[in-house]
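Subject: Structure for you to look at

Hello,

I am passing on a structure that you have not worked with before. Please open it first, and then read the notes that follow.

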Amino acid sequence: MDSIVDENSTDSDSSNDSDSESSSSGEDVNAQSNMLMCTNLNMARKNLPPLGKGEFIKYLGLRLAMTCEPKRGPIPVYWQMGDEPGSVYTGADFGGRFGMTRHRFQDIKNCFSFTVPRDGVGADDDRWQDIRPFIEDFNLTRQKNIIPGCHLTVDECMSAWKGSDGEYVAEGMPHTTKIARKPEGVGAEMKALACGETGIILKLDMMEGREANRRKDFSQEYGEGTAVTLRLTKEYYGTGRVVHADSAFSSVKTLLALRERGLFFMGMIKTAHKEYPLAFLKSWANGDEEGGKPSRGNYCLLQTQSQHGLPFYALGWAERKVKTIVSNVGSTNPGSISKRLRHKKELVGGVWETTRYYKEIQRPSMVEKFYSCFGIIDVHDHLCQGSLAMEREWYTHKWWHRVFTTIFGICLIDSYLAYKFDMEAVHNSPDDLKTYLGKLAYQLIHNNFLGQGMAMRNEDNGNPSGQV
């Protein structure tokens with residue numbers, strides 16, 4: 001089969017290879033300043049001492065420490081000293097070890113905010129205004145500081161929420177979504193764009209409800225899947241990067257809309273199959289076409305052109321169930337063999353033994369590259385909500401604190417992915433996630449900003465021993 005031309009050229013601010021430059025500093029200075037300002041307004045209302053940058057970073061470090069080494073019980077448990085009588089549990093002694101009193105910690109928690117304090121939310125107000133400034137700052141920071149590689153991935157993330165629903169309770173989360181396949185399947189849904197090389201999240205788009213989403217860019221002209229993809233990739237128009245997506249975003253319409261804006265596309269087609277030969281590819285996989293049923297690993301490639309004469313392709317890959325991909329980039333040259341670990345129980349000499357072997361499946365390089373990027377946000381979700389799981393230790397009745405917890409967790413996982421990418425680039429072995437987060441928590445707690453800027457309380461004059 002002839003190869004398909006690969007047009008992976010990018011703009012001048014990124015390399016032509018797969019390397020990705022990144023900056024994992026977390027929140028932007030503007031985001032930090034905004035949070036400090038809004039939090040200090042709440043502190044002033046309660047006649048509490050102001051919060052400085054170093055103390056704020058220490059607070060986040062303590063939150064991470066609680067996640068790395070959780071204790072049974074409420075917040076005061078972390079300030080207990082010594083062993084619990086008649087129990088195997090030991091006190092964490094955060095006050096003695098890290099120099100912040102429990103009362104100061106809880107004062108920061110109660111005053112933590114991203115918007116200017118106000119009394120309630122009016123009928124005409126933005127119901128997401130408690131978190132919107134932080135999300136906008138997050139997106140702006142990523143745009144300024146992270147240059148992704150040649151491949152981008154679109155998918156969804158969840159911020160788990162089991163509290164009040166804004167449909168029934170005024171102070172509840174304005175809109176919740178249920179996605180059963182996610183590690184945490186109920187909460188605020190955010191569409192996400194990630195670097196396909198590193199897995200670092202580049203942009204978030206909050207799903208605010210049907211009516212609110214219809215008022216967003218591209219929603220009137222395109223369907224939701226195409227509109228979300230165009231919004232997320234807007235900053236990369238004209239760069240020649242390749243966007244990868246699952247069936248929730250994929251269609252011929254999405255491919256053509258991105259191509260008009262200087263981006264290429266690979267996507268899985270399931271339901272949005274208008275102008276796509278899905279029925280033929282399924283018939284081919286079932287053996288109903290000439291040549292009989294294909295063996296596992298074979299593929300069928302069809303080519304057509306858009307109304308502007310631009311070619312694009314429909315590829316069916318014979319797997320256990322046929323995989324149907326739409327693309328206008330890639331190659332059908334042989335890719336690396338897909339190896340699947342399998343187990344088989346055998347009776348050897350009257351004893352049952354388990355035999356492990358690899359099932360090898362051929363695939364074209366187009367399929368190999370698509371699957372290398374396709375699930376990268378799902379992997380990020382499992383690291384963030386399964387391995388880190390900060391939401392399980394950061395208890396709150398305020399939905400905007402929960403969304404912040406999720407995005408803060410995204411920043412932590414992104415910093416680990418950037419660290420891992422850099423370590424592997426120089427052939428060094430990186431720490432595992434748990435070890436890395438423990439070291440990061442220590443550096444956040446003992447950060448170099450302590451004692452600078454606003455006057456700090458006595459318990460915050462820690463001994464700086466690392467950098468954020």
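A residue counts as buried when its relative accessible area is under 20%. Phe-105 has a relative accessibility of 0%, so Phe-105 is buried by that cut-off. Please keep in mind that this is a predicted model.

Overall make-up

The protein chain has 468 residues, and 50% of them are buried. It holds 13 helices and 11 strands. Of the contacts between residues at least 6 apart in sequence, 65% join residues at least 24 apart.

Aromatic pairs

A pair of aromatic rings is described by how far apart the centres are and by the angle of the planes. Searching the whole structure gives 24 aromatic pairs. One of them is formed by Trp-79 and Phe-105: the ring centres are 5.2 Å apart and the planes stand at 50°, so this pair is tilted. Trp-79 belongs to the loop between helix H2 (53-68) and helix H3 (94-98), while Phe-105 belongs to helix H4 (residues 102-111), so the pair ties together parts 26 residues apart in sequence. Trp-79, with 13% relative accessibility, also counts as buried.

Phe-114 and Phe-134 give a further pair, with ring centres 5.5 Å apart and planes at 35°, so this one is tilted as well. Here Phe-114 sits in the loop between H4 and helix H5 (132-145), and Phe-134 sits in H5, so the parts tied together are 20 residues apart in sequence. Are Phe-114 and Phe-134 buried or exposed? Both are buried.

Charges over rings

Two lysines are placed over aromatic faces. Lys-53 lies over the face of Phe-449, 4.1 Å from the ring centre. Lys-344 lies over the face of Tyr-357, and there the distance to the ring centre is 5.6 Å.

Helix packing

How do H2 and helix H13 (residues 433-445) pack? Their axes are 7 Å apart and the angle is about 150°. Angles over 145 degrees count as roughly antiparallel, so H2 is roughly antiparallel to H13. The crossing of these two helices, H2 and H13, is left-handed. On the H2 side the contact is made by Ile-57, Lys-58, Gly-61, Leu-62, Leu-64, Ala-65 and Cys-68. On the H13 side it is made by Leu-437, Gly-438, Leu-440, Ala-441, Leu-444 and Ile-445.

Helix H12 (residues 399-425) packs against H5 at an angle of about 15°, with the axes 11 Å apart. That angle makes H5 roughly parallel to H12. The crossing of H5 and H12 is left-handed. From H5, the residues Phe-134, Ile-135, Phe-138 and Arg-142 meet Phe-404, Ile-407, Ile-410, Cys-411 and Asp-414 in H12. Phe-134 is thus part of this contact and of the tilted pair with Phe-114.

H12 also meets helix H11 (residues 376-388): the two axes come within 10 Å and cross at roughly 110°. H11 is therefore roughly perpendicular to H12. The crossing of H11 and H12 is right-handed. H11 contributes His-380, Leu-383, Cys-384 and Leu-388 to the contact, and H12 contributes Thr-406, Gly-409, Ile-410, Leu-412, Ile-413, Asp-414 and Leu-417. Ile-410 and Asp-414 of H12 take part here and in the contact with H5.

Two tryptophans

Trp-161 is found in the loop between strand S1 (151-160) and strand S2 (177-178). Its relative accessible area is 4%, so Trp-161 is buried. Which residues does Trp-161 contact, leaving aside neighbours within four places in sequence? They are Met-173, Thr-176, Val-186, Gly-187, Thr-396, His-397, Lys-398, Trp-399 and Arg-402. The C-alpha atoms of Trp-161 and His-397 are separated by 9.5 Å, although these residues are 236 apart along the chain.

Trp-284 is located in helix H9 (residues 278-285). With 11% relative accessibility, Trp-284 counts as buried. Not counting residues up to four places away in sequence, Trp-284 touches Glu-289, Gly-292, Pro-294, Asn-298, Tyr-299, Cys-300, Gly-316, Trp-317, Ala-318 and Val-322. Between Trp-284 and Val-322, which are 38 residues apart along the chain, the C-alpha separation is 9.2 Å.

Regards

Notes:
Residues are numbered from 1 along each chain as its sequence is written. This is a predicted model: local features need pLDDT of at least 70, side-chain atom pairs count only at pLDDT 80 or more; totals for chains, interfaces and linings use all residues. Side-chain values use heavy atoms; hydrogens and water are left out. Rings of Phe, Tyr and Trp (its six-membered ring) pair if their centres lie within 6.5 Å; planes under 30 degrees apart count as stacked, over 60 as edge-to-face and the rest as tilted. Helices (H or I, at least four residues) and strands (E, at least two) are DSSP runs, numbered from the N terminus. Buried means under 20% relative accessible area, exposed over 50%, partly exposed in between (1.4 Å probe, protein chains only). A charge sits over a ring if NZ of Lys or CZ of Arg is within 6 Å of the ring centre and within 35 degrees of the ring normal. Axes are lines fitted to C-alpha atoms, for helices over the stretch in contact, and angles run from 0 to 180 degrees between N-to-C directions. Angles under 35 degrees count as roughly parallel, over 145 as roughly antiparallel, 65 to 115 as roughly perpendicular and the rest as oblique. A crossing is left-handed if the near helix is turned anticlockwise from the far one by less than a right angle, and right-handed if clockwise. Contact means heavy atoms within 4.5 Å.
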